[in-house]
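Please read these notes beside the sequence and the model. They are set out as numbered points, starting with a question.

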Amino acid sequence: MAEDDFELWLGRIAKDRPFAHQLRKATNLAGRNTRSSAARARRFDGSRIGRGAGIGRVLGSSDRFAGSRARRVVVKARFVKLAGKGAKAAAAHMRYLQRDGTTREGERGALYAADRDAADGKAFLERGTSDRHQFRFIVAPEDGAQYEDLKPLVRRWMGQVEQDLGTKLDWVAVDHFNTGHPHSHVLVRGIDDRGKDLIIAREYISRGLAGRAAELVNLDLGPRTDREIFEAQKAEITQERFTGIDRRLLVARDADGLVSSWHRDSGEQSLRAARLGTLTRMGLAIEEGRAHYRLADDLEETLRTMGRRGDIIAAMHDQLKLRAPDIPPQDYAIYDPAEGKPLVGRVIARGLSDEHEDRHYMIVAATDGRSHYVELGHRPLSELLDSPEIVRVNPTVPAVRDADRTIAEVAAANGGVYSIDNHLRHDRTATARFAEAHVRRLEAMRRGRGEVERRPDGSWKIAPDHLDRALNFERGMAAARPVEIETLSQLPLDQLPHHNGVTWLDEQHAAKEPEQLERGFGAQVRQAMALRRQWLIEQGLAWREGDMIHFRPGLLSELRQRELRQVAGQLSKELGLAYTEHQGGPIEGTYRKAVQVGSSKFAMIEKSKEFTLVPWRPVLEKQIGRHVSGIDRAGAISWTFGRQRSGPEIGGF
């Protein structure tokens, strides 16, 4: 046969992947793909800026700990800015890491450092008051349960990191054993041993940290035995989450989308057959012949969702077992904002759903008799310091706003450009303040996701698909903050019946559509409302006529003014300032703080030798100690905080 007649058949060789795939992989590893390698070398992406870039690349290209016998370690890294309220948020984060119930014995988490078992967290934060940023690492060995104490491992790991980065590091850590996977949180100051900003290369953060940790764990525990590997894989058979077996099944699908349970390795074949049986019972696989199955198109997404749901239920069980052991598991529920239904209830517990990303959750015993897990997303520090007793959870439903339509309309009539002048010319009835609110909306979009472009002259370039961009912006905001929490009462339910001020119970009495009160917390609310009616009768604010209860007109206003005057009187004595009741119209002065009055928040605005209290809005929290002005129109206050180049600062729309 002539040499030119030789033909390589790239078929299967008793493996899941075709030989062509393995040939390409080997070629790439050997460096034959010179064009793409050169392109990558020329392209600048910032991943090599900082300390440890070279070591990160070496560790990332090594496959020493990629085999089935290697012990894996997950390392999550986060960069946190400390400017503004970042320092206070860092202190709150440290307090949370040291909370009760995180050690093996259920005790409070204890900070330690490189040279001592008891570190001073307050001193660590004080040393970092002038730091620009802070690094947060979470290191979680897959076999962390085999370590009696994680401190030696973390210290050796951080020592190796210091060698790789070429600098001493100031760090503290705390070990957590309150989950199924023991892990350590490490906080590192953002400066090197010369007092300069510590910049760690992205390649070292993404590859080097985990690579060094894996080296140490494999040295400590040795490679995984056949029994350990088999037991770990066997445990995946019945799990309601996406597993390694599922990943291999997806890869093994043929051109027709079918996967066979057969495999040349008898152990792998038994795992596949058992897992396919589980997936079939779950409705995620259908048998279409002898040992051939068709997997659901959304198999991975469904199993990942089921895994998250299982983690949530486990977290709820741990919290409710301690705080509300009388609630049965069948009353557990997961709140879905996509349904668009608000939720009212008593707060049972709060915590971090993602300790690394600072995403929070809340468990609410609702009026429907069930206890709901509510994902809160990212919350500002001011909200984390609040401790409401009764709340209303309002879902964040992404939608295009009227302001977005107005902006698109004005821009379409002016060559794709929006400005205050263009707006006022387009709509003769619009005011400058109304147009400024639209500028704030555009500024929020620019800062959030870069969906719009501000031109040098202060005008805005608006794309033809602006409404689609606005909707994408809203979806991103909803993902980061899926719900809004409205405080209904800072007082526990048992204190509301006799409170000398307006309460949520009074608002329910006056509501045209009060909350539906079912069992559990709903039944407790019904009882409290009966006691509240009796108290109102005794106060002369209501009277009984047969089976009917009549309330005095203006009941809520009278109760609110009672409490408002009482709180204002206390503030007046403390501050030595006269209190002036707000009667509507313009507001001007220095915003000092938020004041809780019953279930409502008020902003304290100080002017000269007097102060007033007006309804609070979250946008004010960034203006503490600054001069603010606004106009009250029928109870809705439009705030202004000064001007920047193109108009007012962002204040919220």
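1. Which strands does helix H15 lie across, and at about what angle does helix H15 run to S24? Helix H15, residues 432-449, lies across strand S23 (627-633) and strand S24. The angle between H15 and S24 is about 70 degrees.

2. A word on confidence comes next, since this is a predicted model. The average pLDDT of the protein is 84, and 88% of the residues score at least 70. Two stretches need care. Over residues 32-42 the pLDDT stays under 50, and the model has 4 contacts there beyond four places in sequence. Over residues 643-653 the pLDDT also stays under 50, but for this stretch the model has 29 such contacts. Where pLDDT is low, the predicted coordinates should not be read in detail.

3. The strands S23 and S24 belong to an open sheet of 6 strands. The order across this sheet is S19-S22-S21-S20-S23-S24, and the pairing is mixed. Strand S19 (578-579) and strand S24 (636-640) are at the edges; each has a single partner strand, so one side of each has no neighbour in the sheet.

4. Within that sheet, strand S20 (residues 585-597) and strand S21 (residues 600-607) pair in the antiparallel sense over 7 bridges. Valine 595 stands opposite phenylalanine 602 of S21. The two strands S20 and S21 form a hairpin with 2 residues between them. In the turn, glycine 598 has a positive phi of about 65 degrees.

5. Strand S21 also pairs with strand S22 (residues 610-615), in the antiparallel sense and over 6 bridges. Here alanine 603 stands opposite valine 614 of S22. The hairpin of S21 and S22 has 2 residues between the strands, and serine 608 takes a positive phi near 55 degrees.

6. Another open sheet has 3 strands in the order S13-S15-S14, with antiparallel pairing. Strand S13 (417-418) and strand S14 (453-454) stand at its edges with a single partner strand each, so one side of each lacks a neighbour in the sheet. S14 pairs with strand S15 (residues 460-461) in the antiparallel sense over 2 bridges. The bridge partner of glutamate 453 is lysine 461 in S15.

7. Now to the helices. Helix H3 (residues 53-61) packs with helix H7 (residues 202-221) at an angle of about 60 degrees, and their axes are 8 Å apart. H3 and H7 are therefore oblique to each other. The crossing of H3 past H7 is left-handed. On the H3 side the contact includes Ala53, Ile55 and Leu59, and on the H7 side it includes Glu203, Arg207 and Glu215. By class, this contact of H3 with H7 has 4 nonpolar, 3 polar and 5 charged residues.

8. Helix H7 packs with helix H6 (residues 151-165) as well, at an angle of about 135 degrees and with the axes 10 Å apart. The contact of H6 with H7 divides into 9 nonpolar, 1 polar and 4 charged residues.

How values were computed:
Residues are numbered from 1 along each chain as its sequence is written. This is a predicted model: local features need pLDDT of at least 70, side-chain atom pairs count only at pLDDT 80 or more; totals for chains, interfaces and linings use all residues. Side-chain values use heavy atoms; hydrogens and water are left out. Axes are lines fitted to C-alpha atoms, for helices over the stretch in contact, and angles run from 0 to 180 degrees between N-to-C directions. Helices (H or I, at least four residues) and strands (E, at least two) are DSSP runs, numbered from the N terminus. Angles under 35 degrees count as roughly parallel, over 145 as roughly antiparallel, 65 to 115 as roughly perpendicular and the rest as oblique. A crossing is left-handed if the near helix is turned anticlockwise from the far one by less than a right angle, and right-handed if clockwise. Contact means heavy atoms within 4.5 Å. Ala, Val, Leu, Ile, Met, Phe, Trp, Tyr, Cys and Pro count as nonpolar, Asp, Glu, Lys and Arg as charged, and the others, Gly among them, as polar. Two strands pair if DSSP finds at least two bridges between them. pLDDT is the predictor's confidence in each residue, from 0 to 100.
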